[in-house]
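Trainee: I would like to learn how to read a structure feature by feature. Where do we begin?

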Amino acid sequence: MKTNKLSLNELKEFLDEKYNYFNSHQFIQTDPICIPHQFNVKEDIEISAFLIATIAWGQRASIIKNGNRLMQWMDNSPYHFILHSSEKDLNVFNKFVHRTFNGIDCIYFLNSLKNIYKNHSGLEQSFYKGYKENNSIKNAIVEFRAIFFELKKFPTRTLKHVSNPADNSAAKRLNMFLRWMVRKDHKGVDFGIWRKMSMAALYCPLDIHTGNTSRELGLLFRKQNDWKAVEELTNYLRMLDSNDPIKYDFALFGLGAIEKF
């Protein structure tokens, strides 16, 4: 089957089938999204989701292992820990390492999250501040990043762990985090607990798997996995479903990473 020769309707039918298959609770336990699924309180979900999305590159087993370690060090109550932790409480995080994300980065993240919840009404409002001007997810990420690094003397090395689409970064992990928070359907994999932003405005999390699959299917022609490619791919996905284009992330990632399409 030459999938790159499919008509738009045939492509939609194919991807809808894969979306319905991979958008399933049976895959949660092997995906980083299993970490926020441990919680019920909105703030616990979004904080744990943000942290696990931040370290979501490399082997998924390692991501989940390190995500669980972070939650344990936060007494499995991330919101309470963020608000009430002392400098001494943060010492244990000095030894955290996940690939290039280390203890210096981790401690800054925790301090910045405390600032966000104490002075900016939380993560949702920090993203919504940039979004509300013209319903732009790109602006939401750019404004959030400015808030995130407003603390004095932030480590320069930590900048790379919060991507900036204004610099043409694909911002894969932030787009994935926003998918988790904003998308809502009857399957219950994504949380859909942020209601101020529209599912229709989301952008596809673009990594090597979704990129390669999208090119094979004729959804994406740009060679680099950057923000321009994110816009190109998402614009195509909006032709398949204008209200919920990013549901196809399940299909594209599943085909690339699990089925080895």
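Predicted model: local features only at pLDDT ≥ 70, side-chain atom pairs only at ≥ 80, totals over all residues.

Trainee: How is empty space found, in general?

Mentor: Rolling a probe the size of a water molecule over the atoms shows where empty space is left.

Trainee: How much space lies in the largest cavity?

Mentor: About 80 Å³. The count of cavities of 30 Å³ or more comes to one.

Trainee: Which helices each supply at least two residues of that lining?

Mentor: Helix H2 (42–54) and H8 do.

Trainee: And how much space lies in the largest pocket?

Mentor: The largest pocket holds about 590 Å³. Its lining has 31 residues. Nearest the pocket centre lie Asp 31, Lys 172, Met 176, Asp 207 and Phe 253. H3, H8, H9 and helix H11 (248–258) each give at least two residues to the lining.

Trainee: Let's turn to aromatic rings. How many aromatic pairs are there?

Mentor: The count is 27 aromatic pairs. Take Trp 73 and Phe 93 as one of them: the pair is edge-to-face, with 5.5 Å centre to centre and 85° between the planes. The angle decides the label, because planes over 60 degrees apart count as edge-to-face.

Trainee: Where do Trp 73 and Phe 93 lie?

Mentor: Trp 73 is in helix H3 (residues 60–73). Phe 93 is in the loop between helix H4 (78–84) and strand E1 (97–98). The pair therefore ties together parts that are 20 residues apart in sequence.

Trainee: Is Phe 93 buried or exposed?

Mentor: Phe 93 counts as buried, because its relative accessibility is 0% and the cut-off for buried is under 20%.

Trainee: How are the rings of Phe 127 and Trp 194 placed?

Mentor: Their centres are 5.7 Å apart and their planes are at 45°, so this pair is tilted. Phe 127 lies in helix H6 (residues 123–131), and Trp 194 in the loop between helix H8 (172–182) and helix H9 (208–216). That pair ties together parts that are 67 residues apart in sequence. Phe 127 is buried, at 0% relative accessible area. Trp 194 is buried too, at 1%.

Trainee: Rings can also meet charges. Which charged ends sit over rings?

Mentor: Here are two cases. The charged end of Lys 187 sits over the ring of Tyr 19, 5.7 Å from the ring centre. The charged end of Arg 238 sits over the ring of Tyr 203, 4.8 Å from the centre.

Trainee: What about polar contacts? What joins the side chains of Asn 134 and Asn 139?

Mentor: A polar contact of 3.2 Å joins them. Asn 134 is in the loop between H6 and helix H7 (137–148). For a sense of scale, Asn 134 and Gln 29 are 105 residues apart in sequence and 36 Å apart in space, C-alpha to C-alpha.

Trainee: Last topic: cysteines. What is a disulfide?

Mentor: A disulfide is a covalent bond between the sulfur atoms of two cysteines.

Trainee: How many disulfides does this model have?

Mentor: The count is zero. Cys 106 is in no disulfide, and its nearest cysteine sulfur, that of Cys 34, is 17 Å away.

Trainee: Are Cys 106 and Cys 204 buried or exposed?

Mentor: Cys 106 is buried, at 1% relative accessibility. Cys 204 is buried, with a relative accessible area of 1%.

Note on methods. Residues numbered from 1 in each chain as written. Heavy atoms only, no water. Phe/Tyr/Trp six-rings, centres within 6.5 Å; stacked < 30°, edge-to-face > 60°. Helix = DSSP H or I, 4+ residues; strand = E, 2+ residues; numbered from the N terminus. Buried < 20%, exposed > 50% of the residue type's maximum accessible area, 1.4 Å probe, protein only. Lys NZ or Arg CZ within 6 Å of the ring centre and 35° of its normal. Polar contact = N/O pair within 3.5 Å; in protein donor to acceptor, adjacent residues only side chain to side chain. Disulfide = S-S within 2.5 Å. 1 Å grid on protein atoms, 1.4 Å probe; cavity = no way out; pocket = protein on both sides within 12 Å on 5 of 7 lines; lining within 4 Å. Points joined across faces, edges and corners; volume = space filled by probe spheres on them.
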